[in-house]
Amino acid sequence: MSGRPPLVVAWEVTRACPLACRHCRATAQRDRHPAELTLGEGSALIADLAGAFPGAVLILTGGEPLSRPDTLELAAIGSELGLQVALSVDVGWLLTPELCRRVGDAGVRRVSFSIHFPDAGRSDRFASTQGFHAAALKGLANLRAAGVPFQVHTTVMRSNVGQLPRLHRLVRELGAAGWELFFLVPTGRGRLLAGEELPAAEQERVLRWLYRLQRYSPFPVKQICAPHFRRVEAQSARARHESRPARFTTRLTAMSRGCLAGNGFAFVSHVGDVCGCGFLPLSVGNVRERPFSELYLHAPLFEAFRDPSRLGGDCGLCEYRALCGGCRARAYAATGDALAEEPDCAYEPAGLVPASASR
């Protein structure tokens with residue numbers, strides 16, 4: 001791997017989920033899709049991943065992955081092959097003491113759980129499920145009792161941005177190993193929350209708050225889907241006369257670049273389509289037709305993502321383009337072009353020539 005962090009692959013083992021969260025990327029449904037990858041196909045995917053990328057991180061996600069009865073069997077297969085297996089869960093009442101013990105026995109390194117508000121009323125309304133919040137707290141307590149590390153995920157939106165300090169305190173009280181802040185990407189049900197997406201200037205303010213928070217938080221805090229944080233981080237470190245910014249991570253391994261789509265991260269859908277990430281609905285092929293490893297290494301779209309000179313608009317002109325890369329999913333959602341500029345970045349690149357100067 002030449003010293004690079006191991007590849008992270010999120011496999012959406014199912015889209016089935018009893019919840020109906022308002023932001024759901026997957027537009028999850030109550031029932032499992034009949035064309036989901038089978039246990040045999042999933043085992044082949046895991047074996048290919050372990051053989052081509054030893055020590056890779058495999059995140060079993062959904063929907064609600066525990067809606068699929070063989071998910072922990074798949075986790076155990078991955079663990080036995082040397083992968084770092086994580087589980088992304090959303091339904092607290094499924095995390096019974098017995099289930100949490102089985103999660104640990106399957107070799108799962110970490111569980112992630114999404115909480116978007118610090119109080120039961122708003123949490124329950126957002127998940128469209130009465131009792132969601134109380135069940136989440138109980139399920140996380142069961143994980144803690146079973147000795148299974150967990151982290152909390154929060155989608156940052158207009159309706160909860162003012163609650164982030166309270167959420168940070170809640171995450172600490174829960175005993176979480178980390179907190180990941182996902183900045184809303186308008187895809188799936190998230191398209192209906194367009195008014196919830198923070199404007200660029202507000203995102204900038206939150207990212208600078210996040211940089212300060214990281215310096216004193218007793219547990220790691222990380223952004224997801226706001227790659228321009230790498231630029232904020234570099235600027236803030238320079239202002240503090242630091243040679244390099246401090247690194248914080250809640251993943252199983254450190255991530256050094258902004259957008260990792262097709263360049264350190266990949267997503268496999270419930271039916272086997274391979275995409276740069278779960279928020280970017282552009283398939284580069286299907287694992288039923290070609291091995292994941294071939295698609296990841298040689299897909300033209302992924303090769304383009306790995307070349308900062310291919311970026312368009314302000315991203316292509318930006319001096320931070322190799323560090324940040326701009327969110328490819330957000331660019332695609334806004335323009336239909338996955339290589340277009342990041343629409344939610346407030347920074348004006350030094351290489352940008354004002355229109356008046358070009359006349």
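The model is predicted, so local features need pLDDT of at least 70 and side-chain atom pairs count only at pLDDT 80 or more, while totals for chains, interfaces and linings use all residues. Residues are numbered from 1 along each chain as its sequence is written, and side-chain values use heavy atoms, with hydrogens and water left out.

The sheet comes up with 9 strands, open, in the order 7-6-5-4-3-2-1-8-9 and with mixed pairing. Strands here are DSSP runs of E with at least two residues, helices are runs of H or I with at least four, and both are numbered from the N terminus; two strands pair if DSSP finds at least two bridges between them. Strand 7 (221–224) and strand 9 (274–275) sit at the edges, each pairing on one side only. Helix 2 (residues 71–80) packs on the sheet, where it touches strand 1 (8–12), strand 2 (57–61) and strand 3 (84–89). Contact means heavy atoms within 4.5 Å. Strand 5 (residues 150–156) runs parallel to strand 6 (residues 178–183), with 6 bridges between them, and H153 stands opposite E180 in strand 6.

T61 lies in strand 2 and is buried, at 13% relative accessible area. Buried means under 20%, exposed over 50% and partly exposed in between (1.4 Å probe, protein chains only). Leaving aside residues up to four places away in sequence, T61 touches A10, W11, E12, V13, T14 and S88.

W11 turns up again in the largest nonpolar core: of its 103 residues, W11, W179 and F292 touch the most other members. Such a core is a set of buried Ala, Val, Leu, Ile, Met, Phe, Trp, Tyr and Cys residues joined through side-chain atoms within 4.5 Å. Helix 7 (residues 200–216) supplies the largest share, 6 residues.

F292 also belongs to an aromatic cluster with F53, Y296, F302 and F305. Rings of Phe, Tyr and Trp (its six-membered ring) pair if their centres lie within 6.5 Å; planes under 30 degrees apart count as stacked, over 60 as edge-to-face and the rest as tilted. By this rule there are 8 aromatic pairs. F53 and F292 make an edge-to-face pair, because their ring centres are 6.4 Å apart and their planes at 75°. F53 lies in the loop between helix 1 (39–52) and strand 2, and F292 in helix 9 (residues 292–298), so this pair ties together parts 239 residues apart in sequence. F53 is buried at 6% relative accessibility, as is F292 at 1%.

Key. Axes fitted to C-alpha atoms, helices over the stretch in contact; angles between N-to-C directions.
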